[in-house]
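Have a look at it first, then read on.

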Amino acid sequence: MFYKRILRPIFFQFNPEFMHDFMVFFGQIFGSLAPARWLIKSVWGYRGPDISKTIDGLHFERPVLLSAGFDCNGELTRILPCISFGGEEVGSVTARPCQGNPKPQLTRLIRNKSLVVYKGLKNQGVVQIAERLANRNSREKFIVGISIAQTNDERVSDAEAGLADYHATFKIMNELNVGDYYTINISCPNTFGGETFATPELLTRLLTKLSTVPCRKPRYIKMPINLSWDDFKKLLDIIDRFGYNGVIIGNLNKKYSLIDFPEDAPKEWRGGLSGKSCFELSNELIRKTRAAYGKRFTIIGVGGIFSPEDALVKFRAGADLVQLVTGMIFEGPGLIKRICNAYAKSLAPSS
Ligand SMILES: Cc1cc2nc3c(=O)[nH]c(=O)nc-3n(C[C@H](O)[C@H](O)[C@H](O)COP(=O)(O)O)c2cc1C
């Protein structure tokens, strides 16, 4: 309530990109100070029964993760466990540093509970981020996944350059042994070449290329959510063939018509939509994937989680873990602890 009544109205007065940078800056400072970590943990840290899960050999203290795009450069690994996250996905990381798309890169659609995301994979590039994560100094049990995408610039304007770009990042991360798992983001709607690797032909080429890099960690694919089930299934069959551990379902919604107040959306294409309009699209694909493939894939459910009930819907649909980002911005950092409490309750024998 304190966040929604007092802090959010103040934060939402400011430009969303400024607020994002501001939050990351303070998150990093608070994360480096033991008293600040202690204070934040005492307010927003989960203290209930054991809700840990081991998935693909990784032990998650809590099954709620920060989704890719908020901590693009891997600067928040010390503060996020204090607000109950069991892990996060850093990135998406690209082979070269990238300034992202022309501004505005972020727009709030408040009554739609959504953000128009036109960041365009802004990040410091694999070398700097890998170095930062390799020097990470933390005793917290916290899983760090690395999301990998292709650099968003004119040098990556065709598939061949895109393949080389993904390959370079994946190779460096593996060689430096950075991160606990890797996600290949094939579905960013906001890059120079568009969503090029979410077709069967290009996905096959990409996974063939990446299979030349020795990797001993779990690997996932970040899926688009605007495909028909038939097209989605074609991608899943390829992912299955290449032995990937699972899928993250999914990325941003590209259809502006699907929000409650489409008149609030930009008139021209200005990036994908996060938040509420992703909720049902992702739930449906999670359900169908679980029904069609049983336990074959680990499923990480993402999109439109604004309450503990929303998270439970994703778990019931078949998700092993959930991720969120927009819910934290709209509802505040207390949301993660509330989800953990509700999840613990859902596991209790009497429920
Ligand atoms: C500001 C912002 C930046 C994002 N950047 C990325 C990204 O770099 N890579 C990625 O895989 N997803 C990115 N996403 C998508 C989210 O990870 C997530 O899939 C999507 O927002 C749906 O979840 P939500 O409704 O909880 O926000 C971004 C989302 C937001 C809001």
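1. Ground rules. This is a predicted model, so to speak of local features I need pLDDT of at least 70, side-chain atom pairs count only at pLDDT 80 or more, and totals for chains, interfaces and linings use all residues. Residue numbers start from 1 along each chain as its sequence is written.

2. Ligand shell. The ligand has 27 residues around it, and the closest are Ser67, Ala68, Gly69, Ser274 and Thr326; a residue is near a molecule if its C-beta atom, placed from the backbone, lies within 6 Å of it. Strand 4 (87–93), strand 6 (114–117) and helix 10 (326–331) each contribute at least two shell residues. Helices (H or I, at least four residues) and strands (E, at least two) are DSSP runs, numbered from the N terminus. By class, the shell has twelve nonpolar, 13 polar and two charged residues. Here Ala, Val, Leu, Ile, Met, Phe, Trp, Tyr, Cys and Pro count as nonpolar, Asp, Glu, Lys and Arg as charged, and the others, Gly among them, as polar.

3. Helix 4 on helix 5. Helix 4 (residues 126–134) and helix 5 (residues 159–175) pack at about 20 degrees, with axes 10 Å apart. Axes are lines fitted to C-alpha atoms, for helices over the stretch in contact, and angles run from 0 to 180 degrees between N-to-C directions. Helix 4 and helix 5 are therefore roughly parallel (angles under 35 degrees count as roughly parallel, over 145 as roughly antiparallel, 65 to 115 as roughly perpendicular and the rest as oblique). Val126, Val127 and Ala130 of helix 4 meet Thr169, Ile172 and Met173 of helix 5, where contact requires C-beta atoms, placed from the backbone, within 7 Å. That contact has five nonpolar residues, one polar and no charged.

4. Helix 5 on helix 6. Helix 5 and helix 6 (residues 200–210) pack at about 35 degrees, with their axes 9 Å apart. On the helix 5 side are Ala159, Leu163, Tyr166, His167 and Phe170, and helix 6 brings Leu202, Arg205, Leu206, Lys209 and Leu210. The classes are seven nonpolar, one polar and two charged.

5. Helix 9 on helix 11. Helix 9 (residues 308–317) and helix 11 (residues 334–347) pack at about 50 degrees, with axes 8 Å apart. The pair is therefore oblique. Pro308, Ala311 and Leu312 of helix 9 touch Arg338, Ile339, Ala342, Tyr343 and Ser346 of helix 11. Six of these contact residues are nonpolar, one is polar and one is charged.

6. Cis peptides. Which residues does the cis bond with omega of about 10 degrees join? Glycine 91 and serine 92, and serine 92 sits in strand 4. The bond from lysine 103 to proline 104 is also cis, with omega near 0 degrees; proline 104 lies in the loop between strand 4 and strand 5 (106–109).

7. Positive phi. Aspartate 56, a residue other than glycine, has phi near 50 degrees and lies in the loop between strand 1 (53–55) and strand 2 (58–60). Leucine 121 has phi near 60 degrees and is in the loop between strand 6 and helix 4. Are they buried or exposed? Aspartate 56 is partly exposed because it has 14 C-beta neighbours inside 10 Å, whereas leucine 121, with 26, is buried. The cut-offs are 20 or more other C-beta atoms within 10 Å for buried, 12 or fewer for exposed, and in between for partly exposed, with C-beta atoms placed from the backbone.

Technical notes
Contact = placed C-beta atoms within 7 Å.
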